[in-house]
Amino acid sequence: MAGKILIVDDERDMLVLLERIISEETDHELITEANPFRALELFKERPFDLLISDLKMPKMDGIKLLDEVRKISPEVSVIILTAYATIETAVEAIQKGAYDYLTKPFRRERILLTIDKVMKWQEMVRENRALRQALAEKCAPSSLAGSTPVMRDIFERIQQVASTTATVLITGASGTGKELVARAIHQNSSRSSKKLVTVNCTAIPEQVIESELFGHVRGAFTGAWKDKKGLVEEAHEGTLFLDEIGDMGTLMQTKLLRLLQEGEYKPVGGVVTKRADLRFIAATNHNLKEDIKEKRFREDLYYRLNVIRFDLPPLSERKEDIPLLSYHFLKKYSRLNQKDIRGISPSAMQGLLTRDFPGNVRELENIIERGVIFCQTDTLQVKDLFLDDERPAFFPDPDQGISRLSFRKAKDKMIRAFHEQYIQLLLRESNGNISKAAELAGIQRQYLHRLMKEAGIDAKSFKQK
Ligand SMILES: Nc1ncnc2c1ncn2[C@@H]1O[C@H](COP(=O)(O)OP(=O)(O)OP(=O)(O)O)[C@@H](O)[C@H]1O
Ligand SMILES: [Mg+2]
């Protein structure tokens, strides 16, 4: 298989010689570079399978280059060339993880043979990674990705728990995958042919949640023209997913407790008690223990829900999953956007690995989605990810108190923030060229112009001087 090779040597003659030998005998892709600093830059942009580097170079020697390259691209193989073949330098290079060293002058066959061995090794590494990924995906229920021990444990428990009807409580910070876990439990259960009905306790106002859940009879309140079925009835024989349960008011908590304990409920305004056969799953990003102390959450309800517990760790505590998740989303959004983006450059990956991700997996997903949209090559580059953007993508700062606004005001605010940030990204990408920005966004130029005016954005400030 053809691989990618970078050759670094301050002697041009050496570069020419090596290039000739390798390109005559193999079909590997070759880049030669006399300046080790520029070589490092190249590594940040694209992956290589093999680095062949001279040992003695004026500004940065081969061992130092090897060290630096390893930080960016841990899996690249390195061959060191040296005219000063002392045992010490050779040993040092091998200790630092070089694959081999060759002494100048070298024989043509020797270099070709070594390259051949490296490429076979690289292919094995790749196959191994693909196998590991396939295995991780196979163990994970449907759309969940992750290969860290803590996530593997969660996947395993999902399978075990799914076959029971035990009530499940899923906790974890925002964007850690609570809803995905709830779906996976339902899909893997014997109820999967029936419905999974989600009740979003935050979105439904206190006054209507009871009738939403339990339904109502005709004439129960003004506007109740006829009997209406509730979500509980809709979920009969399936799963009821109580999302954001921490936001449910205490009055409703009491009624829910009865449903959990007795399997019984009464539609609003009704006299007949109804029964439902349900599997309950609840999720929250609240610390319910705290809520109990503050009397916002019923302790008895907590113990009813907390039969089986999944606590999803924040992404910053399972950074080893970042590459797998990134590729998972890369595949998903490349397909959705009909683009053929295959890779993530080492420095882009490095940027992702060193990020904190307060928004957890959702934040990573948003970054990759936006990256795919802006990416112009077959590899996501660090510039496509806009990692230095101070504001988290597409959202106003959390301290603006969005949760204290009415739904309509909050939505307006989010949309304005989205327009503003999206347009800025577009203009930055197109160097302030409005036509090009409109084309990138797939909207009319006039429409973009109007949005810019509304958001008070001037294209001039994005033009590069
Ligand atoms: N392990 C995972 N594998 C693949 N995608 C994931 C994973 N975890 C989360 N996601 C994705 O991240 C996004 C957020 O996940 P989800 O909605 O399940 O989070 P949540 O914990 O319910 O967040 P919130 O508390 O904000 O409601 C979704 O688009 C989901 O598909
Ligand atoms: Mg959720």
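Q: Between which two domains does ligand 1 lie, and why?
A: This is a predicted model, in which local features need pLDDT of at least 70 and side-chain atom pairs count only at pLDDT 80 or more, while totals for chains, interfaces and linings use all residues. Residues are numbered from 1 along each chain as its sequence is written, whereas chains are lettered from A and ligands numbered from 1 in the order in which they are written. The shell around ligand 1 takes residues from both domains, so the ligand lies between domain 2 (149-313) and domain 3 (321-462).

Q: Which elements give two or more residues to the shell around ligand 1?
A: The shell holds 18 residues, a residue being near the ligand if its C-beta atom, placed from the backbone, lies within 6 Å of it. The closest of these are S174, G177, K178, E179 and V361. Helices (H or I, at least four residues) and strands (E, at least two) are DSSP runs, numbered from the N terminus, and those giving two or more residues here are helix 7 (178-187), helix 13 (322-336) and helix 15 (360-374).

Q: How many residues of the shell around ligand 1 are nonpolar, polar and charged?
A: In this division Ala, Val, Leu, Ile, Met, Phe, Trp, Tyr, Cys and Pro count as nonpolar, Asp, Glu, Lys and Arg as charged, and the others, Gly among them, as polar. On that basis, the shell around ligand 1 is made up of five nonpolar, nine polar and four charged residues.

Q: Are helix 13 and helix 15 parallel or oblique to each other?
A: Axes are lines fitted to C-alpha atoms, for helices over the stretch in contact, and angles run from 0 to 180 degrees between N-to-C directions; these two axes come within 9 Å and cross at roughly 45 degrees. Angles under 35 degrees count as roughly parallel, over 145 as roughly antiparallel, 65 to 115 as roughly perpendicular and the rest as oblique. Helix 13 and helix 15 are therefore oblique.

Q: Which residues of helix 15 meet helix 13?
A: From helix 13, the contact involves I322, L325, S326, F329, L330, Y333 and S334, and these meet, in helix 15, V361, L364, E365, I368, E369 and V372. By class, this contact has nine nonpolar, two polar and two charged residues.

Q: Which residues of helix 7 make the contact with helix 6?
A: The axes of helix 6 (residues 149-162) and helix 7 come within 8 Å and cross at roughly 45 degrees. I158, V161 and A162 are the helix 6 side of the contact, and the helix 7 side is V181, A184 and I185.

Q: Is the crossing of helix 17 and helix 18 left-handed or right-handed?
A: The axes of helix 17 (residues 407-429) and helix 18 (residues 434-441) come within 8 Å and cross at roughly 120 degrees, which makes helix 17 oblique to helix 18. A crossing is left-handed if the near helix is turned anticlockwise from the far one by less than a right angle, and right-handed if clockwise. For helix 17 and helix 18, the crossing is right-handed.

Q: Where is P105 found?
A: The peptide bond leading from K104 to P105 is cis, with omega near -5 degrees. P105 is found in the loop between strand 5 (100-103) and helix 5 (108-139).

Technical notes:
Domains from an automatic or database assignment. Contact = placed C-beta atoms within 7 Å.
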